[in-house]
Amino acid sequence: GDELGVAQAHCAGVQRAGLRAEHLQLGPAGQAIPAQVVLAEHLGDVSILHLRVDGLEELLNAKVGTAANHIMAGDRVGLLPDTDWALAFDANGRLLN
């Protein structure tokens, strides 16, 4: 019905999507987007995880809290994107509203 038309109109022109590092959370490896930790930077109150996701050329970065202090390079994790904060870009790299 109408939901499909709205979703198609919303996605028209989107060539690339993005999220800020703080809008990627960790979840169980088998119940979220699978990723492998390439580098874990533990900075005290936060950790920055550099992650490889199959099918993506670039690494993703997740800024997570102290609960991730035990995560090390080589670990497998799951990613849960907060899609409420998703950014959409057109073919020229311009932000779409």
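**View 1. The polar contact between Ser47 and His42.** The side chains of Ser47 and His42 are joined by a polar contact of 2.7 Å (a pair of N or O atoms within 3.5 Å, where one must be able to donate a hydrogen and the other to accept it, and residues adjacent in sequence count only if both atoms are side-chain atoms). The model is predicted, with local features requiring pLDDT of at least 70 and side-chain atom pairs counting only at pLDDT 80 or more, whereas totals for chains, interfaces and linings use all residues. Residues are numbered from 1 along each chain as its sequence is written, and side-chain values use heavy atoms, with hydrogens and water left out. Ser47 counts as buried because its relative accessibility is 0% (buried means under 20% relative accessible area, exposed over 50% and partly exposed in between, with a 1.4 Å probe and protein chains only).

**View 2. Ser47 in the pairing of E4 with E5.** Ser47 belongs to strand E4 (strands, E, of at least two residues, are DSSP runs numbered from the N terminus). Opposite Ser47 stands Val64 of E5. Strand E4 (residues 47-52) and E5 run antiparallel and are joined by 5 bridges; two strands pair if DSSP finds at least two bridges between them.

**View 3. The open sheet of 5 strands.** In the order E2-E6-E3-E4-E5, 5 strands form an open sheet with antiparallel pairing. Strand E2 (24-27) and E5 are its edge strands, each pairing on one side only. From one strand to the next, the twist averages 50° (axes are lines fitted to C-alpha atoms, and angles run from 0 to 180 degrees between N-to-C directions).

**View 4. The open sheet of 3 strands.** The strand order is E1-E7-E8, with antiparallel pairing. E1 and strand E8 (95-96) each have a single partner strand, so one side of each lacks a neighbour in the sheet. Between E1 and strand E7 (residues 87-89), which run antiparallel, there are 3 bridges. Arg16 has Phe89 in E7 as its bridge partner.

**View 5. The largest pocket and its lining.** The largest pocket holds about 550 Å³ of space. Its lining comprises 19 residues, with Ala17, Gly18, Leu19, Leu56 and Leu60 nearest the centre. On a 1 Å grid over the protein atoms alone, a pocket is an open set of points where a 1.4 Å probe fits, with protein on both sides within 12 Å along at least five of seven lines, and lining residues have an atom within 4 Å of a point. Grid points are joined across faces, edges and corners, and the volume is the space filled by probe spheres set on the points. Strand E1 (16-18), strand E5 (60-64) and strand E6 (76-81) each contribute at least two lining residues, and E1 gives the largest share, 3 residues.

Terms used: Helix = DSSP H or I, 4+ residues; strand = E, 2+ residues; numbered from the N terminus.
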